[in-house]
Amino acid sequence: MTKIGIIGSGNMGQALIQGWLHHGHHLAVYSPHRGALIAKKYDIKSFSLVELAKWSDVLVLAFLPHQLAEISAEINLKLQQEQILISVLGGVDLGQLAQAFTTTPNLVRTLPNTNIAVNSGEISCALAPTFEQDKRKTVNNLLKELGLVFDLPEDKFLVFSAIAGSGPAVVAKFSESLVLAAVKNGLTRDEAVKIVTELIIGTMINSKKTEISFNDLIYQICSPGGTTIRGIETLEKSGFSGIIMESIDKMLE
């Protein structure tokens, strides 16, 4: 049983708890104001920061990035060399982690999206050059429990964050637009939400299982001169693809 300690109780911290909750691990959390409440909510342990650092086999950094210096100053010398530190801190690279935590070489930088809460996340992962080889399996297994893992160089983390990290919001926005269109044309909101939810899920399962490209899927559905291609034409005239690309560019700024 792996003892996983999570520092932080925000959206990502709780998504991590939810994703690992039913995999047989011992989980504990530290949060200065909500630790006890979060522990009660998920039936896990709550410790002080130092206690959590000493207790954990794997310590997950899920607090706000600007808190790194303060938190590392308090626990750095309490850590042991064999412990693993997994960071989900946006914009904090492995070099910065190594400067903050000098007592363990086993540093991991990750960027998950919140779909890890339902074990369907996407996680980018980079290991420090000092990471001990015999611990790679532990990290791989833990992250795979949360979703699909992408081993990426750090210089690709930013674009990964924009696509996979912010992408769920873009998909949700598109889905809500379909819901609004359905309601405008006579469906109830409940009916529309169910239809659109299954539409998105089914389309992605179809694409994944058949390995059909998104572009070929469009042509598969669009009959010559039919209603679907006329709808696609409207999207093209409105600059739909360009708008999506521009939104991702904004996320990269």
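Are Glu253 and Lys250 buried or exposed? Glu253 is exposed, and Lys250 is too, where exposed stands for over 50% relative accessible area, buried for under 20%, and partly exposed for anything in between (1.4 Å probe, protein chains only). The model here is a predicted one, in which local features need pLDDT of at least 70 and side-chain atom pairs count only at pLDDT 80 or more, while totals for chains, interfaces and linings use all residues. Residues are numbered from 1 along each chain as its sequence is written, and side-chain values use heavy atoms, with hydrogens and water left out.

On to the charges. Side chains of opposite charge can pair when their charged atoms come close. The structure holds 5 salt bridges, a salt bridge being a side-chain nitrogen of Lys or Arg within 4 Å of a carboxyl oxygen of Asp or Glu. Among them is the link between Glu253 and Lys250, at 3.7 Å from N to O. Another joins Glu233 to Lys237, with the closest N and O atoms 3.4 Å apart. Both of these residues sit in helix H11 (residues 227-237), 4 residues apart, or about one turn of the helix; helices (H or I, at least four residues) and strands (E, at least two) are DSSP runs, numbered from the N terminus. Lys237 is exposed because its relative accessible area is 68%, whereas Glu233, at 40%, is partly exposed. Glu132 pairs with Lys135, the closest N and O atoms being 3.0 Å apart, and Lys135 counts as buried because its relative accessibility is 14%.

The surface also has a nonpolar side. Phe174, Leu235, Phe240 and Ile244 make up a nonpolar patch with about 290 Å² of accessible area together. Patches take residues with over 30% relative accessible area and no salt bridge, joining like charges within 9 Å and nonpolar side chains (Val, Leu, Ile, Met, Phe, Trp, Tyr) within 5 Å; the areas come from the Shrake-Rupley method with a 1.4 Å probe, and for residues only the protein chains shown count as cover. Phe240 belongs to helix H12 (residues 240-251) and is partly exposed, at 31% relative accessibility.

Ser9, in the loop between strand E1 (3-7) and helix H1 (11-20), is buried because its relative accessible area is 6%. Beyond its neighbours within four places in sequence, Ser9 is in contact (heavy atoms within 4.5 Å) with Gln14, Ser31, Arg34 and Ile38.

On a 1 Å grid over the protein atoms alone, a cavity is a set of points where a 1.4 Å probe fits but cannot get out, and a pocket is an open set with protein on both sides within 12 Å along at least five of seven lines; lining residues have an atom within 4 Å of a point. Grid points are joined across faces, edges and corners, and a volume is the space filled by probe spheres set on the points. The second largest pocket has a volume of about 420 Å³. Its lining counts 24 residues, with Gly8, Ala62, Phe63, Leu64 and Gln67 nearest the centre; H1 and helix H4 (68-75) are the elements that give two or more residues to this lining.
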